[in-house]
Amino acid sequence: MIDKIQECFNTGKVVYTKHARDEMEHEDFGEIKVNDVYEAILSGQIIESYPEDDPYPSCLIYGRTSEDRPLHIVSAYSKDDDIAIVITVYHPDPEKWIGFERRKT
């Protein structure tokens with residue numbers, strides 16, 4: 001799925017939910033720009049998969065911006081529309097994540 005999502009980002013076939021836009025604007029660690037998401041997606045890897053999500057299976061992608069800022073992006077891919085959907089974006093809290101890749105228990 002990461003390949004399809006990255007391809008959509010490279011070709012501009014991306015839709016952001018209102019929730020994602022709101023989270024990006026009001027992020028506790030500082031505003032997240034669209035270009036930050038793009039950079040993190042291109043360097044990203046899937047750290048969690050949510051195949052049962054409806055209407056599209058989604059995944060949690062961990063990536064870093066060119067400024068080395070860690071980001072988590074929950075994204076889905078619509079095969080029918082050949083488009084990536086950004087569901088939410090946030091700067092992961094280091095108190096809740098091990099290396100930003102695994103949840104602390």
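**Questions on a predicted model**

User: Is Lys18 buried, partly exposed or exposed?

Analyst: Lys18 has a relative accessible area of 63%. Buried means under 20% relative accessible area, exposed means over 50%, and partly exposed lies in between, as found with a 1.4 Å probe on protein chains only. Because its relative accessible area is 63%, Lys18 is exposed.

User: What kind of model is this, and how are its residues numbered?

Analyst: This is a predicted model, in which local features need pLDDT of at least 70 and side-chain atom pairs count only at pLDDT 80 or more, while totals for chains, interfaces and linings use all residues. Side-chain values use heavy atoms, with hydrogens and water left out, and residues are numbered along each chain, as its sequence is written, from 1.

User: Which side chain does the side chain of Lys18 join in a polar contact of 2.8 Å?

Analyst: Lys18 has its place in helix H2, where helices (H or I, at least four residues) and strands (E, at least two) are DSSP runs numbered from the N terminus. A polar contact is a pair of N or O atoms within 3.5 Å; within protein, one must be able to donate a hydrogen and the other to accept it, and residues adjacent in sequence count only if both atoms are side-chain atoms. At 2.8 Å, the side chain of Lys18 is joined in this way to that of Asp22.

User: Which residues touch the most other members of the largest nonpolar core?

Analyst: A nonpolar core is a set of buried Ala, Val, Leu, Ile, Met, Phe, Trp, Tyr and Cys residues joined through side-chain atoms within 4.5 Å. The largest one holds 19 residues, and those touching the most other members are Ile5, Phe9, Val37 and Ile73.

User: Which element gives the largest share of this core?

Analyst: At least two core residues come from each of helix H1 (2-11), helix H2 (18-25), helix H3 (34-42), strand E3 (58-64), strand E4 (70-78) and strand E5 (83-90). The largest share is four residues, and these come from H1.

User: At roughly what angle do the axes of H1 and H3 cross?

Analyst: Two packed helices are described by the angle between their axes and the distance between the axes. Axes are lines fitted to C-alpha atoms, for helices over the stretch in contact, and the angles run from 0 to 180 degrees between N-to-C directions. The axes of H1 and H3 come within 9 Å of one another, and they cross at roughly 140°.

User: Which residues of H3 meet those of H1?

Analyst: Contact means heavy atoms within 4.5 Å. On the H1 side stand Ile2, Ile5, Gln6, Phe9 and Asn10, and the residues that they meet in H3 are Val37, Tyr38, Ile41 and Leu42.

User: What is the relative accessible area of Ser75, and is Ser75 buried or exposed?

Analyst: Ser75 has its place in strand E4, and leaving aside neighbours within four places in sequence, its contacts include Met1, Ile5, Ser58 and Cys59. The C-alpha atoms of Ser75 and Ile5 are separated by 7.9 Å, although these residues are 70 apart along the chain. Ser75 is buried, because its relative accessible area is 0%.

User: Which backbone oxygen does the side chain of Ser75 reach?

Analyst: Among the residues in contact with Ser75 are Ala84, Ile85, Val86 and Ile87. At 3.0 Å, the side chain of Ser75 reaches the backbone oxygen of Ile85.

User: Which side chain makes a polar contact of 2.4 Å with that of Glu48?

Analyst: Glu48 lies in strand E2 and counts as buried because its relative accessibility is 18%. A polar contact of 2.8 Å joins its side chain to that of Arg103. At 2.4 Å, the side chain of Glu48 makes a polar contact with that of Tyr50.

User: What is omega near for the cis peptide bond from Asp54 to Pro55?

Analyst: Pro55 is placed in the loop between strand E2 (45-50) and E3. The peptide bond from Asp54 to Pro55 is cis, with omega near 15°.

User: What is the phi of Asp82 near?

Analyst: Asp82 lies in the loop between E4 and E5, and it counts as partly exposed because its relative accessibility is 23%. Its phi has a positive value in a residue other than glycine, and is near 50°.
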